[in-house]
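Here is a friendly walk through one protein fold, meant to be read with the model open beside you.

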Amino acid sequence: MDDVPESVTSFFTEPADFAAALENEGGGSLIITGHGRFRARLTRVALVHLRLLAGEESLSRIAFVTVPDHMILIVLQSGSHPAPFWGGIVMQAGEIITVGPGSRAYMRTDGACRWTTILVPVRDLARYGREMVA
């Protein structure tokens, strides 16, 4: 991760451009399964020790995600849209899903969706946990 904090919001009307942006964030691939006009927004906040991503998409799709070996992916439900399926399990309100270092997972949506993820180094998450329970 970079040492310079930054925040960028990008808007997409082409699925291939959105897929490329997700791949640049360390993800895998994206397959649009819905029909209609594609629109997406991706907000990226990169801090010194973590990266936040928030996405909003207009069509259903399947995304394949690979978590870097030294990172943990934390997934949060976002907005009032139907929740995405992670590995075949639908997220319920208030739930948090974690995907471990080096793991591969898929996320499927049945229509328009919003999602939020946090990517944090394993060593930092372990340190934060120790501090919280100390």
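## About the model

This is a predicted model, in which local features need pLDDT of at least 70 and side-chain atom pairs count only at pLDDT 80 or more, while totals for chains, interfaces and linings use all residues. Residues are numbered from 1 along each chain as its sequence is written, and side-chain values use heavy atoms, with hydrogens and water left out.

## The sheet

Start with the strands (DSSP runs of E, at least two residues, numbered from the N terminus). Six of them make an open sheet in the order β1-β3-β4-β11-β6-β9, with antiparallel pairing; two strands count as paired if DSSP finds at least two bridges between them. β1 (6-12) and β9 stand at the edges with a single partner strand each, so one side of each has no neighbour in the sheet. From one strand to the next, the twist averages 15 degrees.

Now follow β4. With β3, β4 forms a hairpin that has four residues between the strands, and the two pair over seven bridges. Leu42 has Gly55 of β4 as its bridge partner. Seven bridges also join β4 to β11, where Leu53 is partnered by Thr117.

## The helices

Helices here are DSSP runs of H or I, at least four residues. α1 lies across β1, β3, β4 (51-57) and β11, at about 20 degrees to β3. Such angles run from 0 to 180 degrees between N-to-C directions, using axes fitted to C-alpha atoms, for helices over the stretch in contact. Helix α2 (residues 122-133) packs on the sheet by touching β6 and β11, and its direction makes about 90 degrees with that of β11.

What does Leu73 contact, leaving aside its neighbours within four places in sequence? With contact meaning heavy atoms within 4.5 Å, the partners of Leu73 include Val65, Trp86, Ile97, Val99, Thr117 and Leu119.
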